[in-house]
Amino acid sequence: MLRKGIIILGLVLVSALAYGQKTERDYLRSGNKLYKDSTFVKAEVDYRKALELEPKSTDAIYNLGNSLLMQQKAKEAMEQYEAASHIEKDKMKLAQIYHNMGVILQSSKQLPQCIEAYKEALRNNPKDDETRYNLALAQKQLKDQQQQQNQDQQQEQKQEQKQDEKEQNKDQQDQQQKDQQQNQQQQQQQQNQMSKENAEQLLRAAMQDEKNVQDKVKKGIRVEGRKLEKDW
């Protein structure tokens, strides 16, 4: 009787423990309630506990991504959405996953990737008007972005061209100034050369005059006045 009682007690205890243990769905429901109450940090905790019990629960992965996104953790949320997109088979849920991925990409100005995410969402749920609106908006934003980039590029090219012209003008001015200085130096050298030649000419003329005077003296001719008379 004692052994039987122990066995029965043991069964009761096991049943109580099994009854008190939470399942993945329990944590998921608890997380959803916390999420609706805007208690996103606690909701994140419950979603992670659900994933510990069922790592491939796409509902837990997706909702975890939502709770992270509401905490401004966009990068971590994107990681959860990408993980869910590789596992989820339900088209409606896939559409929601890609829609949220598009929202994150759009907010970070990654418009080409954002457009592809919205297109993928519409492939899974063509009737999603909100996604279609977001897609049209993203396409317009991309067009405006490209136009702005083209304008910025043209403006940059104009500025570079002006800078090049300015540098070319400066180079030309520097060259002109250099040429002018060289011309002035050449003119100065020529003037100096002419002055030297003039001085040499004057010197030669003076020497010639002196020679002429000496020759006249030797011949007994006065340089100025009448001819000297010869003494007898």
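Author: Start with burial: a residue is buried under 20% relative accessible area, exposed over 50% and partly exposed in between, using a 1.4 Å probe and protein chains only. This is a predicted model, in which local features need pLDDT of at least 70, side-chain atom pairs count only at pLDDT 80 or more, and totals for chains, interfaces and linings use all residues. Residues are numbered from 1 along each chain as its sequence is written, and side-chain values use heavy atoms, with hydrogens and water left out.

Reader: Is His99 buried or exposed?

Author: His99 has 11% relative accessibility and therefore counts as buried. It lies in helix α6 (residues 91–107); helices are DSSP runs of H or I, at least four residues, numbered from the N terminus.

Reader: Which residues is His99 in contact with, leaving aside its neighbours within four places in sequence?

Author: Contact means heavy atoms within 4.5 Å. On that basis His99 touches Tyr118, Ala121, Asp128, Glu130, Thr131 and Asn134. Tyr118 and Ala121 are among the buried residues of α7.

Reader: How do I read the packing of α4 and α5?

Author: Axes are lines fitted to C-alpha atoms, for helices over the stretch in contact, and angles run from 0 to 180 degrees between N-to-C directions. Helix α4 (residues 58–70) and helix α5 (residues 74–87) pack at about 160°, with axes 8 Å apart. Angles over 145 degrees count as roughly antiparallel, and α4 and α5 are therefore roughly antiparallel to each other.

Technical notes:
Helix = DSSP H or I, 4+ residues; strand = E, 2+ residues; numbered from the N terminus. Parallel < 35°, antiparallel > 145°, perpendicular 65-115°, else oblique.
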